[in-house]
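Subject: Structure for you to look at

Hello,

Here is the structure, with its sequence. My notes follow below it.

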Amino acid sequence: MANPHEPHFFKPLFPGFHSGVTIPLAFFSKHIEGKTNQKTWKLRSDASDQTWEVIQEGRTLTGGWKDFTTVHDLQIGNLVIFKHEGDMVFHVTPFGPTCCEIQYTHPHIIKEEADAGDADDNEIRGTWAMSSFSFDYCFLAEVTASNLKADKLYLPTSALNKQCQEMILVNKEENSWTASLRFSESGGMYYITRGWEKFCRDNICDIGDLFVFNLVGDGKSTPLLCVCPESKECSELLSKHLSRKRGDIASGSRVN
């Protein structure tokens, strides 16, 4: 368990996380801002004796962060806990989609990979990385009167596991909700229930609001349904939908 005297925070990893990760405002204000002039974080993990230096720009970790995520084979949907050990040294613990700590079977290999430089990346990573995902894609969902009343949202995927009974919804502020995951034999589709209406209510949604969701998982454990951060792919998906909607309205007007 984390030592209460060692402040810590967690971050779920969303699409685009390789380019940087934002430090939560509450943690930054209480433990970083005004407490030090250092702009370099030293990251450690149980996977290696190596220390990675990562640059802090404002509230974002940028330079050096991508190297850390690549070496640790971090994926969308993983969750990482940062524990401050003092003097800008942070111990980082990654968790997989099962909410269990990712186990690296041969911790020394990370050090060897960094030293070798020219070693085959896929060969090395395949020997120690325990986390991989079989699906990761975006889709558009609309808040409607019917899906709110039924507390049910259908998912356009067949990649989920019928044995999985839950799904975790995550908004842009990285708050999470648990919903039941079910499969409709008659409709041949998965859907979430007992959580969708609360998610919409807590996020102050109105009928007609649109979400671009990123669905990630490994086909075996609890999947994540994350509200997409602003990105080119999400913007394009939303633009196409709105264009089609405007076209439908225009066609209806001409018919009338």
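Leaving aside its neighbours within four places in sequence, which residues is F82 in contact with? F82 touches P7, H8, F9, K11, W41, L43, L61, W65, F90, H91 and V92, where contact means heavy atoms within 4.5 Å.

Some ground rules before the rest. This is a predicted model, in which local features need pLDDT of at least 70 and side-chain atom pairs count only at pLDDT 80 or more, while totals for chains, interfaces and linings use all residues. Residues are numbered from 1 along each chain as its sequence is written, and side-chain values use heavy atoms, with hydrogens and water left out.

Confidence
The chain has a mean pLDDT (the predictor's confidence in each residue, from 0 to 100) of 75, and 71% of its residues reach 70 or more. Confidence is lowest in helix α4 (residues 121-128), at a mean of 33, and highest in helix α6 (residues 196-202), at 96. Helices (H or I, at least four residues) and strands (E, at least two) are DSSP runs, numbered from the N terminus. Over residues 106-134 pLDDT stays under 50. Where pLDDT is low, the predicted coordinates should not be read in detail.

Cores
A nonpolar core here is a set of buried Ala, Val, Leu, Ile, Met, Phe, Trp, Tyr and Cys residues joined through side-chain atoms within 4.5 Å; buried means under 20% relative accessible area, exposed over 50%, partly exposed in between (1.4 Å probe, protein chains only). The largest such core has 32 residues, and W41, L43, W65 and F82 have the most contacts inside it. Among the elements that each supply at least two of its residues are α1 (25-32), β3, β7 and β14 (224-227). A second, separate core of 23 residues includes L155, I192, F211 and L215.

Rings
The whole structure holds 18 aromatic pairs. Rings of Phe, Tyr and Trp (its six-membered ring) pair if their centres lie within 6.5 Å; planes under 30 degrees apart count as stacked, over 60 as edge-to-face and the rest as tilted. W41 and F90 have ring centres 3.8 Å apart and planes at 10 degrees, so they are stacked. This pair links W41 in strand β3 (residues 40-45) to F90 in strand β7 (residues 89-95), 49 residues apart. W41 has a relative accessible area of 0%, and F90 is likewise at 0%. F211 and F213 are also stacked, at 5.3 Å centre to centre and 25 degrees between the planes; both are buried. Ring pairs join F9, F27, W41, W52, W65, F68, F82 and F90 into a cluster.

Regards
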